[in-house]
Amino acid sequence: MGGSPKGWTMFRRALRLRSSRVLLVRRLGTRRGGSTLDWDGKVSDIKKKIGSILPGETWAPLYDTRHLPPEHSDVVIVGGGVLGLSVAFWLKQLQKKRDGIRVLVVERDHTYSKASTVLSVGGIRQQFSLPENVQLSLFSVNFLRNINEYLAVVDSPPLDLQFNPSGYLLLASEQGAANLENNVKMQRQEGAKVGLMSPQQLQNKFPWMNVKGVALASYGMEDEGWFDPWSLLQGLRRKVQSMGVLFCQGEVTRFTTSSNSMVTSSGEEVVLKRIYEVHVKMNNSLEYQPVECAIVINAAGAWSGQIAELAGIGKGPPGTLKGTKLPVEPRKRYVYVWHCPQGPGLEMPFIADTNGVYFRREGLGNNYLGGLSPTEEEEPDPINLDVDHDFFQDKVWPHLAQRVPAFQSLKVQNAWAGYYDYNTFDQNGVVGPHPLVVNMYFATGFSGHGLQHAPAVGRAVAEMVLEGHFQTIDMSPFLFSRFHLGEKVLEDNIF
């Protein structure tokens with residue numbers, strides 16, 4: 001039995017220390033009436049700590065680091081809502097080699113209490129004015145209809161999204177009729193099942209509606225309606241965890257980057273940056289963990305503009321690409337729930353009125369929900385999610401009562417507020433890589449329709465990361481470069 005005298009001395013000291021502490025604890029336990037349960041637990045802890053320094057024992061760290069993210073990850077996704085989770089799902093689904101990509105999702109609010117996903121009204125429609133948005137909806141609704149083919153997990157119950165296929169009904173005034181008709185023509189060309197309805201047809205199909213001021217309507221006859229956002233979020237999270245995606249509750253506070261200069265064909269010097277480390281601050285703590293990575297996905301929703309700034313995006317001379325910000329900011333939107341015993345029945349679709357007021361049925365007990373996006377002058381302070389009940393009384397209810405006379409006697413039962421990841425440039429999504437911070441990819445800025453497009457957008461971002469180009473749907477119009485070029489991709493049907 002070899003060993004240095006010094007090593008044996010330490011060994012004997014540790015044994016004496018352990019024996020004396022155990023003896024002391026037992027004596028104390030005896031003095032206190034033999035109640036040694038608490039002390040036995042302490043003895044166990046002491047044994048573990050002593051055992052960690054004894055020769056031949058496996059070293060065990062005294063500090064628990066399980067809440068920290070890994071030190072290395074191929075991809076770090078900032079934001080654990082449906083867009084971030086969808087990107088994670090498609091990265092794992094499309095990877096060439098099993099477990100070939102290590103993916104970390106960083107989400108600061110594990111309760112999702114303020115997440116845009118769970119505070120939305122859960123609508124899905126094909127009635128958009130841009131072909132790309134129609135294509136995104138068609139892909140996503142197929143994903144949702146076949147959700148258990150995509151998100152099934154062994155030994156777990158099947159997902160039920162509570163999809164209600166009651167369709168969308170968009171109403172147009174005389175001024176908006178021609179535009180609505182052109183949109184429907186395009187939607188049909190893309191494969192959407194949408195029909196036009198005259199005021200008389202509306203009156204016949206929905207006798208509870210006052211059609212005054214309506215010149216034309218478009219009605220989604222298939223694959224439109226609403227579903228439960230929370231179920232989709234939990235289904236995606238469960239699935240990606242089963243696929244090996246890692247999660248961390250914390251906040252991204254800093255990026256470490258490297259830079260390279262290059263000269264363009266026009267002789268202009270351009271500095272390209274690459275993020276190689278993400279600093280994640282733990283919740284309710286001063287500690288942080290640096291995570292080395294190859295790719296960063298900015299799916300931080302309403303706060304994605306702030307995440308972009310951390311990477312230096314927008315910090316340059318005005319009018320230059322370097323000085324072009326990601327124009328996404330939080331905008332607060334109210335949702336009101338009311339009861340009306342004489343209100344519309346089960347055949348009621350999701351209605352968007354000529355003035356922007358929207359409403360739909362909620363459940364089976366004559367409950368309804370809806371709201372209205374405020375004007376630029378009326379935009380509420382997004383510092384909190386307090387609800388303005390006067391906004392309903394002054395701006396929403398008069399239009400509801402005019403369109404559905406039964407709503408004159410409605411009674412508000414509940415209300416909440418949520419955030420749009422509002423793109424102030426053109427109210428459309430931002431998808432794909434940044435031209436200068438070359439390994440930051442965006443999946444944000446959808447201004448209220450990110451939930452319904454999440455399955456398709458997640459795939460588009462994953463394709464760009466893995467293959468270097470879009471494959472399923474060409475999302476080129478949604479690239480970041482349009483902000484610098486001033487090329488707006490306007491979507492008319494935002495409400």
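H11 itself covers residues 450-467 and bends by about 40 degrees at alanine 456. How many of the residues of H11 are buried? The count is 15 of its 18 residues, so this helix is mostly covered.

Keep in mind, please, that everything I show today comes from a predicted model.

Back to phi for a moment. Most residues other than glycine have a negative phi. With that in mind, have a look at two residues that are not glycines. Tyrosine 112 has a positive phi of about 60 degrees. You'll find tyrosine 112 in the loop between strand S2 (103-107) and strand S3 (123-124). Is tyrosine 112 buried or exposed? Its relative accessibility is 2%, so tyrosine 112 counts as buried.

The second one is glutamine 427, with a positive phi of about 55 degrees, and again not a glycine. Glutamine 427 sits in the loop between S15 and strand S16 (430-433). Its relative accessible area is 17%, and the cut-off for buried is under 20%, so glutamine 427 is buried too.

Now let me step back to the whole chain. The protein chain has 12 helices and 17 strands. Of its 495 residues, 49% count as buried. If you take the contacts between residues at least 6 apart in sequence, 74% of them join residues at least 24 apart.

And how confident is the predictor? The average pLDDT of the protein chain is 88, and 87% of the residues score at least 70. Over residues 1-37, though, the pLDDT is below 50, and this stretch has 21 contacts in the model beyond near neighbours in sequence. Residues 50-63 also stay under 50, and there the model has 13 contacts beyond four places in sequence.

Next, the aromatic rings. The structure holds 23 aromatic pairs. Let me take you through two of them. The rings of tryptophan 338 and phenylalanine 392 have centres 5.8 Å apart, and their planes meet at 45 degrees. Why do we call this pair tilted? Planes under 30 degrees apart would count as stacked and over 60 as edge-to-face, so 45 degrees falls in the tilted group. This pair links distant parts of the chain: tryptophan 338 is in strand S11 (residues 328-339), phenylalanine 392 is in helix H10 (residues 389-403), and they are 54 residues apart. Both tryptophan 338 and phenylalanine 392 are buried.

The other pair is phenylalanine 359 with phenylalanine 407, and this one is edge-to-face, with 80 degrees between the planes and 5.9 Å from centre to centre. Phenylalanine 359 belongs to strand S13 (residues 358-361), while phenylalanine 407 is in the loop between H10 and strand S15 (411-423), so the pair ties together parts 48 residues apart in sequence. Phenylalanine 359 and phenylalanine 407 are both buried as well.

The charged end of arginine 108 is over the ring of tryptophan 303, 4.8 Å from its centre. Lysine 488 lies over the face of phenylalanine 425, at 5.6 Å from the ring centre.

Let's return to H10, the helix that holds phenylalanine 392. H10 has 15 residues, and at 1.5 Å a residue it should span 21 Å; its end C-alpha atoms are 20 Å apart, which agrees. H10 also bends by about 45 degrees at valine 396, and proline 398 follows within four residues. Which residues of H10 are buried? They are Phe391, Phe392, Val396, Leu400, Ala401 and Arg403. The cover over those buried residues includes strand S4 (168-172), S11, S13, strand S14 (367-371) and S15.

One last stop: leucine 138, in helix H4 (residues 131-145). Its relative accessible area is 22%, so leucine 138 is partly exposed. Leaving out residues up to four places away in sequence, leucine 138 touches Gln126, Glu190, Gly191 and Ala192. Take glutamate 190: it is 52 residues from leucine 138 in sequence, and their C-alpha atoms are 8.8 Å apart in space.

Conventions. Residues numbered from 1 in each chain as written. Predicted model: local features only at pLDDT ≥ 70, side-chain atom pairs only at ≥ 80, totals over all residues. Heavy atoms only, no water. pLDDT = per-residue confidence, 0-100. Contact = heavy atoms within 4.5 Å. Helix = DSSP H or I, 4+ residues; strand = E, 2+ residues; numbered from the N terminus. Buried < 20%, exposed > 50% of the residue type's maximum accessible area, 1.4 Å probe, protein only. Phe/Tyr/Trp six-rings, centres within 6.5 Å; stacked < 30°, edge-to-face > 60°. Lys NZ or Arg CZ within 6 Å of the ring centre and 35° of its normal. Expected span 1.5 Å × (residues − 1). Bend = angle between axes of the 7 residues up to and from the residue.
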